[in-house]
Amino acid sequence: MQTRKKYIFLTFFASWLLLFLFGGDQLRRFAFFSGRKAEARRNWPRWTDRFLLKSFADAEELQRDGDPSLLSPRERRAAWLSVYRSSRCRMETCFDFSRCEKHGFKVFTYPQERGQPVSETYGKILSSIERSRYHTANPEEACLFILSIDTLDRDHLSGQYVRNVDEKIRGFPLWNGGRNHLIFNLYSGTWPDYAGDLGFDIGQAILAKASFDTESFRPGFDISIPLFSKDHPQRGGDRGWLYQDSVPPRKKYLLVFKGKRYLTGIGSGTRNALHHIHNGKDIISLTTCKHGKDWEKHKDTRCDKDNIDYERSDYQELLHNSTFCIVPRGRRLGSFRFLEALQAACIPVLLSDGWELPFAEAIDWGKAAVVGSERLLLQIPSAVRCIHPERVLAFQQQTQLLWDAYFSSVDKIVHTTLEIIKDRLSPHRSRSRFVWNALPGGLLVLPDFSTHLGDFPFYYLQRGYSPSKKFTAFIRAVSQAGSLSQPMLRLIQAVSASQYCAQIVVLWSCEKPPPPSGKWPQTTVPLTVIQGRRQLSDRFLPFEAIQTDAVLSLDEDTSLSTSEVDFAFSVWRSFPERIVGFPTQSHFWDPEQGRWGFTSRWTNELSIVLTAAAFYHRYYHSLFTEYLPAGLRELVDGLAACEDILMNVLVAAVTKLPPIKVTQRKQHKEAAAQQAECRDGAAGTPPPGQRSPPAPHSAPAKLKGTAGSRRFSQRQGCLNQLADWFGYMPLVSSQLRLDPVLFKDQVSVLRKKYPSLEK
Amino acid sequence: IMCASAKYNTRGPALIPRMKTKHRIYYITLFSIVLLGLIATGMFQFWPHSIESSSDWTVEKRSVHDVPVVKLPADSPIPERGDLTCRMHTCFDVYRCGFNPKNKIKVYIYSLKKYVDEYGTSVSNTISREYNELLTAISDSEFYTDDVNRACLFVPSIDVLNQNALRIKETAQALAQLSRWDRGTNHLLFNMLPGGPPDYNTALDVPRDRALLAGGGFSTWTYRQGYDVSIPVYSPLSGEVDLPERGPGPRRYFILSSQMALHPEYRLELEALQAENGESVLILGRCTNLSDGVPAVRKRCYKNQVFDYPQVLQESTFCVVLRGARLGQAVLSDVLQAGCVPVIIADSYILPFSEVLDWKRASVVIPEEKMPEMYSILQSIPQRQIEEMQRQARWFWEAYFRSMKAIALATLQIINDRIYPYAAISYEEWNDPPAVKWSSVSNPLFLPLIPPQSQGFTAVVLTYDRVESLFRVITEVSKVPSLSKLLVVWNNQNKNPPEDSLWPKIRVPLKVVRTAENKLSNRFFPYDEIETEAVLAIDDDIIMLTSDELQFGYEVWREFPDRLVGYPGRLHLWDHEMNKWKYESEWTNEVSMVLTGAAFYHKYFNYLYTYKMPGDIKNWVDAHMNCEDIAMNFLVANVTGKSVIKVTPRKKFKCPECTAIDGLSLDQTHMVERSECINKFASVFGTMPLKVVEHRADPVLYKDDFPEKLKSFPNIGSL
């Protein structure tokens, strides 16, 4: 044995030597015989002549790019029109942009025909459109048309199914092959395949459909909407259920599902497998076989036990107590579960392959949901376990952001659909993906105001901008005399003395023309006078003259000192998205009368800052005028002293935060100032500027029987009408006031920056 | 831990031969085999010509011309045409990718071969410089695997970047004979110039069945959303010309058109714009009378003026990128490199990487029909936005256009994100240029919530051995209505906490946590016992705060749950003489920090302090036993971008125990140390995150002339 071994070694060494002598190069290859490890180093070769390789196209070819004598662009576009129709529609081939040029984006709804009832849900969609600022009653100026035929339920087994739609629409003179039409649909197809067909030819109409599949979805043309129930509120809508940002999420369960298990048919592949991930501890997946009439025919061995477990737990309880919720496909791709999970801040884990997610053109679902694959169901538990707590926290907050911005009411769903279409009309004036997915949501950001994010109050921190260092003082003048009132002169002096004041704009809201320029006080900053229309909502028009981010809104009889203005402005720069001001009021729920009340009394809380002396961002002028529908502004014009409540409600609805009160020196309006008013206001318009100051002890009770009482009740009525219009009460209360750091401290006045505030 | 151990690693490592046998006979056989092999190899050495072609072993020094040749029979199979209905869930085999802890797909590259037809004519150029760069980049990346069995994605080495440089049918045959082709499942092809005359299809014409296509010129009709990847057309000029980034701002021309071959119709429209708007519009064309030797592609002419290309692009604010025969244009890359804002006029074009890049931030897309309105559309864009777009354009080029490597990696990352969506790269990471990433903050508590009052707060008292004072603090704090739990962090390892019976009896649960080491950072540990969002950190000697003050502090925190809400405020100042930061505790008109001797904050910040504190700050604080509060102030301000909120007039914590033992000198060294902390932290954070404000929060009716008994918080203490 020994000798044999020796021989073997000898031969081995000899050949090794031989090899080394003759082919050192080959030795490296030898290494490959010794196992995988060496092979792992094998990368793409570094070719010796790699620098000599030719480019994939020579520069001339790249820059010339083909033959310019080809089909002319105009002809090509014309040819597209005939080629790319129906299932291959795109905006450039199936939508007539020219209809939208003259009158802008206007939406016309076909008048309802008699004997043609629509479902409750479609009624809500129609009324959402009619409530929107884009609605027009004139088909001539319309850019987009909505049918009055209920097309929501196209399952021909359903009771709501409308027959002979084809015939009906062909009878519409405006139909025009469906061009510029928008069709809403929630359910399409039926047992057994639930295919996407609607049972009529939509032609070139844009389809806004729930459970859209990526195959039939025409990108950039159709819109996927979420499935919502018929109880979905028309407006306002419930807020999300996330009340606290707990880290780690203090939830009983990690992942839950409770729903039907399809034993056969479409969707059963996934639904039939869900029970596998149930572990009885932090992953709960409960299924029932009970659905349809003949479920017992297909019943398997699990069914009975599963059905019992299923009955034991409550869907709502699971929803509330879980971090992740499985949202699998049903028979169709979308389900009610999706919105329910979103509202509950239960992060949706989507198992619905091929579903074009709702509003995916705008919404980045990767930030709010886990898009799983039906084929990888069994990996879901480990995948969600591995998501870091910070990411879970971000996911949860994003679900709430999206729910509140786009889904909580029929209004929001419909308006999001319209805004997405509107954005396509002028891509250069549209919202970026960032805007759609950041607070306060795309609907509240008007690209017509600006396309630069730094011009809005919402993105300073996120994008590293800062608000402008100066403000515009905006004074509404109502004095009737041809001359300027004393308080107003004092106000102009005080405000213009502020180092942060860039300009003064006076809105002259009186019948008599403003005094000639010589009569105005000499100020160091430019002073502009604008003639108003004498409507109350005038003061919130987006005036071109206002050039700075900050607006200091003032009434002519407001009395402010320079240091008050300076301090308030320094506070506003910390809270540029809120209203920061001096006199405040607060609202409360009056359970006896079952309505909202409000008080201007001194209270420990505040929720309204009067715009007679307040800083806010100039964007709110645009939002007030452009975003709110005309009807609401008319309502405000008809009521006394309602416009500033509306402004507060609007800003609170946008920010979900209370306004900020800063310290005030003394009461703000002088009684004397109230004499000078223009009493000859337009018919039906109550005299402006007659608002009761929030003076000490001016309790509403004291005002009973006076003119103030009428104003007070009008103001209360205003508040209730606004709450009704918004669908909820957006105002939020605050218990604090911001004072200078050394306010009323017992230190030398010389050390204080704002000593005069303490007088 | 569960996550690290990949539970669902579907494809285990390849079998490794096990060598545990003891039998000699095996050794002998093995040796003989090795011997035989060696001899055979040695023999090959004297057979000079067959070696290279018969093996595909990698040798560093090898020429592209030496790769093996594969002959394609005329009747070898051709794949089906591309399937337009393909989506990830229908045509992609996810099981090949599996679940893995790194959430990275594995990419295999076929080895390079030269394909010839029956007559020996080659099918295409073996490989272009760009495709070689691309494959090199993939092979050097984390995505690469050489194990074909573990691969999730396969990249053929057949170069299809330019359709004009290949024979369509034969290339398709070459694809079909790849070892793992399987109808093209999980195969990725890169193509930049699709289509050919006369109709110029917008996607590669080579039949490719289910293969994914990374294409540079998709239209909405050929692009399979969520399956294909739209990539740029690489401009080789990027490698040749170095255009330094030019600062944003107004430039000599407003609109520039630099493309050489425009359709006459487009040219007419552009000329009409020029006629209307004069010199601010410049339309360049091919130079006709260049002297020999000057490359035509590097020059552009307008009348008799000659301009250098691409340098001239930097002279304009907007640069027109019109479609040619194809939708994708290499000029887009040049324009982005020059920091010129592209005005893209190509209806139905799918912009490069549009799945992840937000092109609205870097470009203006104008429908062809609206070309006459181009000038007024561009004029309506605010100047500040133009500057941002210029920066953004340059950033897109730097990150995703500048090299084949950048293009390859972005493509793979996009596919990776689809397969592991829960680990996908966020919008911000894809789109924010470094300058924005640096100056912006993404607040982890971004949702405007006012937490319910009923939740209450948990008081965390850090104590060493001052039991008497601790008990007083506990008694005082327990009077605050919203207190929901009290946690004592016992930081003394040498002494046991007092017996249960000795502790004050309070109405809320009281828990004592003993620490392993006497460290200041124990105060900011995210104890499981803290079940509320709000934490009140309080020292064991803070007995002067009234119940109203604490309750009011909690109410203020509820309105600002993402901030530090505290009582005495402090300020940082820039010391111009010393050229560094200085700590200020004098009574100033401004605050930028609050002391955490008593402060409310969100529990989330405990996580950040314990696990995400940048640099060595945490250890530094523990070693110096000082400045943990300043570190917390830095941390919160840095992550939220917001200032602290100081509540009530209180200016300092006076503790009755600490009588002024040589107070002045102690004070001096204290101030110096604290200033040092600020300078140290500012350098670690790389910026000064603290925000200075002039306000503090008081109850609405504080010091107002109003009956005290009607105020919610009448007992707001003194200084």
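Is Asp539(B) buried, partly exposed or exposed, and what is its relative accessible area? In this predicted model, local features require pLDDT of at least 70 and side-chain atom pairs count only at pLDDT 80 or more, whereas totals for chains, interfaces and linings use all residues. Residues are numbered from 1 along each chain as its sequence is written, chains are lettered from A and ligands numbered from 1 in the order in which they are written, and side-chain values use heavy atoms, with hydrogens and water left out.

Asp539(B) turns out to be partly exposed, with a relative accessible area of 24%; here buried means under 20% relative accessible area, exposed over 50%, and partly exposed in between, for a 1.4 Å probe and protein chains only. A salt bridge (a side-chain nitrogen of Lys or Arg within 4 Å of a carboxyl oxygen of Asp or Glu) joins the side chains of Asp539(B) and Arg523(B), at 2.3 Å from N to O. This pair links distant parts of the chain, 16 residues apart: Asp539(B) lies in strand E18 of chain B, and Arg523(B) in the loop between E17 and E18. Helices (H or I, at least four residues) and strands (E, at least two) are DSSP runs, numbered from the N terminus. Arg523(B) is buried, at 3% relative accessibility.

Two further salt bridges in chain B can be set beside this one. Glu531(B) pairs with Lys485(B), the closest N and O atoms being 3.1 Å apart. Lys485(B) belongs to strand E16 (residues 483–490), while Glu531(B) sits in the loop between strand E17 (510–514) and E18, 46 residues apart. Glu531(B) is partly exposed at 46% relative accessibility, and Lys485(B) is buried at 8%. Arg466(B) and Asp541(B) likewise form a salt bridge, at 3.6 Å from N to O. Arg466(B) is partly exposed, with a relative accessible area of 39%, and Asp541(B) is buried at 12%. Over all chains, the count comes to 61 salt bridges.

Burial is also seen elsewhere in chain B. Helix H5 (residues 168–176) is largely enclosed by the rest of the structure, because seven of its nine residues are buried. The buried residues of H5(B) pack against strand E3 (114–116) and strand E5 (188–191), where contact means heavy atoms within 4.5 Å. Thr648(B), in the loop between strand E24 (645–646) and helix H19 (663–685), is buried with a relative accessible area of 0%. Not counting residues up to four places away in sequence, Thr648(B) touches several residues, including Glu549(B), Phe552(B), Tyr567(B) and Arg696(B).
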